[in-house]
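I open this notebook to record what I looked up in one structure. The entries follow the order of my reading.

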Amino acid sequence: MKQVVQNYKSGELSVLDVPVPGCKPGGVLVRTAFSLISTGTELMKVSEAGMSMLGKARSRPDQVAKVMQSVAVNGLPATYRKVMGKLDSYTPLGYSLCGVVEQVGAGIDDVKVGDLVACAGNEHALHAELNWVPRNLYTPVPDGLAPRHAAFGTVGSIALQGVRQGEPQLGEVALVIGLGLIGQLVVQLLTAAGVRVVGADPDPARCELAERLGAVACGDPGSAAVETAVAELTDGHGVDQVYLAAGGASNQPVELAAHLARDRGRVVDIGKCRLDLPWNAYYEKELDVRFSRSYGPGRYDPSYELEGRDYPIGYVRWTERRNLACFLDLMARGRVDVEPLVSHVAEFEDAVETYRRLKEGELKAVAVLFRYPEPEGAGTTEAPKVAVPAVLRGERTVPVRPGRPGRTPVRLAFVGAGNYASSMLLPHLAQREGVALSTVVTTTALSAANAQRKFGFAQATTDLDAVLGDDSVDAVFVVTRHSSHAELTKRALLAGKAVFVEKPLALTEEELAGVLAVVEESGNDRLQVGFNRRFAPLLREARARFGARTGPASLRYLVNAGRLQHGSWYLQQGTEGSRFAGEGGHFIDTASWLLGADPVSVYAVAPSGNEDLQIVLRYPDGSTATLSYVTTGAPGFPKETLDLVADGKVLKLDDFVRASVYGNKRWVSSRLPKARDKGQSAQLAAFVKAVRTGGPMPVPLESLAATTAATLAVRAGLAAGAPVTLAGPR
């Protein structure tokens with residue numbers, strides 16, 4: 001299928017061939033009929049992409065702060081690769097469309113194949129021929145409403161949410177500053193609610209359009225016309241509400257709002273404009289400044305948008321989806337008319353030229369629609385069928401490939417191509433001799449296309465079954481969300497593949513038992529978990545310098561994990577497990593490797609009110625490892641430091657930058673000149689070698705299972721308030 005994309009680094013726009021998104025449970029696959037260009041938000045994004053690197057930094061100081069924090073924690077080279085990887089990627093455009101349901105995912109019963117729906121979301125309602133849309137981001141289109149009008153649903157919801165924040169009442173007077181697409185819709189919604197509206201915009205054509213659509217009077221913000229109209233309508237008291245629907249760097253809208261609002265009036269920010277509030281003006285009138293967050297309650301909440309958990313109507317009357325349905329209903333009943341806003345309808349194949357004309361001012365428009373071609377065989381309602389390989393139905397056993405003959409490259413498939421895979425794994429593999437990147441599988445079409453372009457995969461798809469049924473693929477990398485690791489690992493093992501799964505292997509004891517049962521059932525134990533720190537060159541050298549032990553050791557490991565940013569998927573503990581369950585295996589594996597054994601018991605305590613953990617691991621020879629996993633430390637302090645003490649010797653590691661050993665002689669490494677090498681490259685080399693030769697995997701399966709079991713035992717120990725004894729090797 002085709003999709004409009006932009007490279008944020010170069011600013012290049014293109015219509016790209018990408019895989020068709022998979023139809024996941026909890027949503028529907030929609031074939032687009034019309035999608036709407038947001039001439040404000042999207043053109044701002046297009047303009048930002050055309051800036052220099054310095055210009056991009058100035059426009060997004062919030063992102064610059066995140067980069068600087070990453071440099072402090074991960075080092076400059078790793079941060080540079082991460083940032084450049086994000087910038088030099090295709091990003092999608094669009095968030096408002098109307099289309100026809102082509103396939104229905106499991107758990108969906110409110111629409112069927114062939115239904116017309118309006119869709120929302122800057123990750124789900126894109127300028128693309130097909131989109132997968134979760135339950136709470138689509139709604140059926142009322143009978144009689146034209147698809148081109150229903151494509152306004154999301155933008156209309158933004159305007160509607162802004163109006164709700166203003167709490168208008170019959171007979172009030174409102175001022176709308178900025179009469180672009182959102183402003184024009186706000187004017188109509190207020191008029192429909194019985195509010196008299198004054199508009200302000202420097203464009204006379206937009207002022208004239210707003211007056212035709214219900215505004216009492218409109219004019220240039222700098223003219224006397226607006227002030228005169230407000231004075232006449234309010235007897236000089238000022239407007240009850242001001243809606244800021246303007247963009248740009250000028251502070252004039254905020255100042256005008258203070259000047260023309262009544263005492264204790266309401267000012268609602270809908271657009272992205274400068275907000276340097278003149279303190280005296282806002283204080284003296286005690287103005288109520290409010291923000292309107294996108295389409296309504298549910299926005300930016302993954303449990304609502306992605307998992308389909310609705311808010312009870314008794315507590316949240318107007319959610320994203322209910323706003324979307326409400327706006328469609330207003331259009332269907334003729335209370336809002338979007339046809340006068342349509343300045344241009346472009347064919348989807350002309351998308352790049354349309355954006356160019358808009359950006360350069362050649363096309364003056366309030367609203368522009370893309371019209372999509374009818375698919376071949378239009379009118380059929382049967383959902384496409386995907387063949388499931390026999391091995392996944394349990395009908396046959398695929399023999400495990402013993403190794404690659406001669407110089408034949410090892411063929412790798414990736415399931416998932418997110419930030420970690422793209423910055424820490426694929427750059428090493430793409431440059432490695434004897435490796436062929438066969439297929440990348442993602443649930444979103446664009447991420448697969450990005451990985452294919454940047455790393456040279458032969459194929460990109462959203463069809464996992466096709467990859468698992470491909471006998472030419474030697475190994476599968478599972479680099480997805482934590483909740484899917486165990487299931488995907490089992491499926492790949494049953495398909496006879498060697499598997500590299502990024503940590504964690506499992507989130508529950510049941511999942512771990514399930515993976516081990518599949519190994520037993522299939523005879524395929526070709527498994528590696530991404531515990532890379534034991535492969536770090538600096539740590540390996542320090543261990544060699546420390547030498548063999550004769551007595552028990554004491555290990556102390558401090559992990560200054562830091563706080564997660566709001567919105568991080570790591571916070572979705574209901575589906576993705578705790579943060580420690582996700583990454584704690586790294587540190588337990590490192591301790592066990594240094595001590596040369598697997599733990600026999602785990603004791604964990606946690607202060608109330610935060611995620612800090614104190615964990616004591618006991619080993620067969622009496623050695624102990626104390627792991628402090630803290631989120632309340634100083635951001636500038638190194639993330640990982642450890643000390644190993646035994647036999648009159650001390651090994652010290654400082655965040656994979658410097659190591660030292662104290663004994664009869666002192667050894668201190670030189671400070672690493674570039675990046676913190678935490679062993680990813682060496683681990684990948686060891687895994688590829690094992691797949692190529694058929695030799696042992698880099699880490700024994702028993703150790704992988706023991707580390708995972710110890711990680712999971714932390715939760716059980718916290719609940720019991722007592723040490724947890726671990727089972728020995730199976």
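In which helix is the place of Leu595? I found Leu595 in helix 22; helices are DSSP runs of H or I with at least four residues, strands are runs of E with at least two, and both are numbered from the N terminus.

I note the basis of these entries: this is a predicted model, in which local features need pLDDT of at least 70, side-chain atom pairs count only at pLDDT 80 or more, and totals for chains, interfaces and linings use all residues. Residues are numbered from 1 along each chain as its sequence is written, and side-chain values use heavy atoms, with hydrogens and water left out.

**Entry on Leu595.** I then listed its contacts (heavy atoms within 4.5 Å). Leaving aside neighbours within four places in sequence, Leu595 is in contact with Arg549, Ala553, Tyr619, Ser623, Thr624, Ala625 and Leu644. Leu595 and Tyr619 are 24 residues apart along the chain, and their C-alpha atoms are separated by 8.2 Å.

**Entry on the whole protein.** I counted 24 helices and 31 strands. Of the 730 residues, 52% count as buried. Among contacts with a separation of 6 or more, 69% join residues 24 or more positions apart.

**Entry on the cores.** I looked for nonpolar cores, that is, sets of buried Ala, Val, Leu, Ile, Met, Phe, Trp, Tyr and Cys residues joined through side-chain atoms within 4.5 Å. The largest has 52 residues, and those with the most contacts inside it are Phe152, Leu181, Leu185, Val186, Leu190, Phe327 and Leu341. Elements that each supply at least two residues of this core include strand 3 (27-37), helix 6 (153-166) and helix 13 (320-332). Helix 7 gives the largest share of this core, seven residues. Apart from this core lies another, of 40 residues, among them Tyr557, Ile588, Tyr619 and Ala646.

**Entry on helix 20.** Which residues of helix 20 (residues 537-546) are buried? I found Leu538, Leu539, Ala542 and Phe546. They lie on the same side of helix 20 because they cover an arc of only 95° around the axis, the arc being that of the directions from the helix axis to the C-beta atoms. These buried residues pack against helix 22 (579-595) and strands 27 (640-646), 28 (649-654), 29 (658-662) and 30 (666-668). Gly547 follows helix 20 and has a positive phi, near 85°.

**Entry on helix 18.** I read the buried residues of helix 18 (residues 485-494) as His485, Ala486, Leu488, Thr489, Ala492 and Leu493. They fall within an arc of 165° seen down the axis, so they line one face of helix 18. Their cover includes strand 17 (410-415), helix 17 (464-468) and helix 19 (509-522). Helix 18 is followed by Gly496, whose phi is positive, near 85°.

**Entry on Ser438.** I located Ser438 in strand 18 (residues 435-441). Ser438 is buried, with a relative accessible area of 1%. Not counting residues up to four places away in sequence, Ser438 touches Arg411, Leu412, Phe457, Ala458, Gln459 and Val473.

**Entry on Tyr603.** I placed Tyr603 in strand 24 (residues 601-605). Tyr603 counts as partly exposed, because its relative accessibility is 34%.

Terms used
Buried < 20%, exposed > 50% of the residue type's maximum accessible area, 1.4 Å probe, protein only.
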